[in-house]
Amino acid sequence: MAPDSSTVPSDGPGLGRRRFLAACAGLGLAGCTSAPRHATGTHARRRLRPETERDAPGTADWRLGSTGPADAVAGYTDRVSVTPGESFGLHVSTTAASFRVCAFRVGWYGGRQARRIWVSDRIPGRAQPPPHVLPATRTVRADWPATLTVDTAGWPEGAYLLRLEADGGHQRYVPLIVRSTEGTGRTVLLHAPATWQAYNRWGGSSLYAGASGAYATRSLAVCFDRPYDGSGAEKFLVYERALVVLAERLGIPLAYSTGVDVHRDPAVLRGAHAVVCLGHDEYWTPEQRAHVTAARDAGTNVAFLGANTCFRRVRLAAGERAEDRTVVCYKTSYRADPCYASQPALVTTDYRLPPGADPESSLTGVLYEGYPVDAPYVVRAAGHWLYEGTGVRAGDGFAHLVGVEYDRVTPSAPAPGPLEITAHSPLVCGGRPSHSDSAYYTAPGKAGVFATGTLRWVEGLVAGTGELGLDHGMDARTRAFVTRTTENLLRTFAQGPAARHAPPPRANVSEVYGA
């Protein structure tokens with residue numbers, strides 16, 4: 001074990017330590033069952049809050065260079081989130097002789113969009129062994145030994161990209177959330193690591209396909225003890241990062257958490273003015289859903305800035321050494337789920353399906369309908385406060401903004417109350433005509449709830465910039481519309497229960513869809 005060493009000075013206030021570990025981290029699968037923190041004073045907590053970072057100097061040097069081959073450099077953390085001051089283990093494999101790690105906090109930073117908070121010394125590289133597969137659920141696990149432990153003392157709450165930099169020039173990200181423990185009076189940005197992991201094909205298998213590429217050989221459970229494929233942070237970069245940058249630019253009080261953390265402890269939602277579910281947040285545990293619903297009922301506004309939200313019911317299973325490291329979802333194989341006979345409400349399939357049917361529309365107001373689609377977003381309620389300052393008129397369209405998955409208001413599905421459809425976008429999916437809907441409602445506890453009905457909403461925040469490399473043909477006009485609408489939403493929801501200070505919804509479902 002190498003001795004502790006000081007970090008290289010950074011852009012930000014984080015002055016952490018690192019030490020090499022030789023311990024191995026393991027993970028096992030649990031059946032049908034559903035960390036200590038450093039004490040800090042009030043002044044320290046305020047210093048680490050996101051709003052203190054808005055005008056801090058940033059760096060434009062946070063983007064990736066060449067990722068190189070899949071084995072060039074990759075890694076994962078032993079926790080999806082930590083609170084400021086907690087340590088986490090970083091597990092890295094590289095074919096290079098050495099590498100270093102830079103921690104970038106995502107935010108506004110005068111338009112630079114990130115701040116370097118910490119950087120390690122050079123660390124000897126090691127190529128780790130291939131992953132292994134648990135045959136019962138076809139779960140891919142790396143189970144590499146920890147390479148170093150990172151101390152987050154002084155790191156502000158927020159969303160982080162850890163950039164692994166191999167000495168051969170190849171780079172890859174590892175995402176991490178430094179989460180908030182208090183959300184009173186703040187807007188909680190709720191990141192979606194369960195969905196990131198569901199789509200992760202590192203090692204050959206995800207919840208969608210196995211090593212052969214076939215659905216039948218997919219994993220029935222996936223674990224966080226492996227790197228993410230591609231850049232290492234694709235789902236965060238595409239569906240979450242741009243919203244984080246915008247929210248921090250607005251300067252509203254923010255808090256950060258994940259669905260995994262809210263599943264375990266809803267404290268961050270208590271007294272929050274708003275919860276924002278980001279661009280692709282498909283996989284929810286029943287506990288997470290119950291906690292977000294309770295927050296709504298208590299007056300916390302909720303925004304769903306994507307589509308396909310809360311579509312799949314999952315369980316988080318304990319590993320051999322850590323809780324909540326495995327996302328279990330049997331999908332169409334639900335009869336093989338260990339909960340099928342004894343606890344039908346926990347069976348991991350689509351929320352709308354038996355044996356524990358509970359469609360997501362009772363929370364979101366909209367129901368997921370289809371994939372793939374590409375269609376214009378068509379405004380209906382041009383006078384709605386959401387669209388103030390956009391200059392739109394009824395019938396105005398924004399090309400390609402609806403896609404690649406979409407939701408709609410379904411009159412036969414459970415509804416949380418009277419809905420106002422603010423956008424009603426004609427489309428054709430799988431040869432069948434339909435519509436995508438944006439919808440708004442208010443709950444009895446005075447909370448406002450808005451759902452965009454399209455998976456591309458957060459992508460629209462950077463439309464026409466080339467930031468993602470692929471913007472589906474969306475242009476600068478679409479970017480201006482999505483940005484202003486999102487600003488209106490965040491500013492209004494940040495004031496507290498929307499029914500107390502914003503115009504109420506004008507129920508129009510029967511007008512749009514007929515009696």
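**Note on the predicted model: helices, sheets and salt bridges**

1. The crossing of helices α4 and α9 is right-handed. This note concerns a predicted model. Helix α4 covers residues 241-250 and helix α9 covers residues 476-493; the two pack at an angle of about 60°, their axes lying 11 Å apart. That angle makes α4 oblique to α9, because angles of 65 to 115 degrees would be needed for the pair to count as roughly perpendicular.

2. Helix α6 spans residues 286-297 and contains 12 residues. From its first C-alpha to its last, α6 reaches 16 Å, close to the 16 Å expected at 1.5 Å a residue. Which residues of α6 are buried? They are Pro286, Gln288, Arg289, Val292, Thr293, Ala295 and Arg296. Just after α6, Gly299 adopts a positive phi of about 110°.

3. Arg289, one of the buried residues of α6, forms a salt bridge with Asp358, and the closest N and O atoms are 3.3 Å apart. The pair links distant parts of the chain: Arg289 belongs to helix α6, whereas Asp358 lies in the loop between β22 (326-328) and α7 (361-364), 69 residues apart. Arg289 has a relative accessible area of 6% and is therefore buried, since the limit for that class is under 20%. Asp358, at 34% relative accessibility, counts as partly exposed.

4. A salt bridge also forms between the side chains of Asp350 and Arg312, with an N to O distance of 2.6 Å. Asp350 is placed in the loop between β22 and α7, and Arg312 in strand β20 (residues 312-313), so the pair ties together parts that are 38 residues apart in sequence. Are these two partners buried or exposed? Asp350 is buried, with a relative accessible area of 11%, and Arg312 is buried as well, with 14%.

5. The side chains of Glu511 and Arg380 meet in a further salt bridge, at 2.9 Å from N to O. Here too distant parts of the chain are linked: Glu511 sits in helix α10 (residues 509-513) and Arg380 in the loop between β23 (367-378) and β24 (397-408), 131 residues apart. Both partners are partly exposed: Glu511 has a relative accessible area of 47% and Arg380 one of 32%. Salt bridges that share partners also join Asp61, Arg100, Arg163 and Glu165 into one network. In general, side chains of opposite charge can pair when their charged atoms come close. How many salt bridges does the model contain? The count comes to 28.

6. Strand β12 (residues 158-166) deserves a separate point. Nine of its nine residues are buried, so β12 is largely enclosed by the rest of the structure. Strand β6 (residues 98-106) pairs with β12 in the antiparallel sense over seven bridges, and the bridge partner of Arg100 in β12 is Glu165. Arg100 and Glu165 are also members of the salt-bridge network described above.

7. Strand β12 also pairs with strand β13 (residues 171-178): eight bridges join these antiparallel strands. Arg163 stands opposite Tyr173 in β13. The hairpin of β12 and β13 has four residues between the strands, and in it Gly169 takes a positive phi near 105°.

8. Seven strands form an open sheet of mixed pairing, in the order β16-β14-β17-β19-β27-β26-β25. Which are the edge strands? They are β16 (254-258) and β25 (420-429), each of which pairs on one side only. The twist from one strand to the next averages 15°. Within this sheet, strand β19 (residues 301-304) and strand β27 (residues 448-451) run parallel and are joined by three bridges; Val302 stands opposite Val449 in β27. Strands of a sheet pair through backbone hydrogen bonds, either parallel or antiparallel.

9. A last point concerns Gly389, which is found in the loop between β23 and β24. Gly389 has 57% relative accessibility and so counts as exposed, because the threshold for that class is over 50%. Gly389 and Ala242 are 147 residues apart in sequence and 21 Å apart in space, taken from C-alpha to C-alpha.

Note on methods:
Residues numbered from 1 in each chain as written. Predicted model: local features only at pLDDT ≥ 70, side-chain atom pairs only at ≥ 80, totals over all residues. Heavy atoms only, no water. Expected span 1.5 Å × (residues − 1). Buried < 20%, exposed > 50% of the residue type's maximum accessible area, 1.4 Å probe, protein only. Salt bridge = Lys/Arg side-chain N within 4 Å of Asp/Glu carboxyl O. Pairing = 2+ DSSP bridges. Axes fitted to C-alpha atoms, helices over the stretch in contact; angles between N-to-C directions. Parallel < 35°, antiparallel > 145°, perpendicular 65-115°, else oblique. Left-handed = near helix turned anticlockwise from the far one by under 90°.
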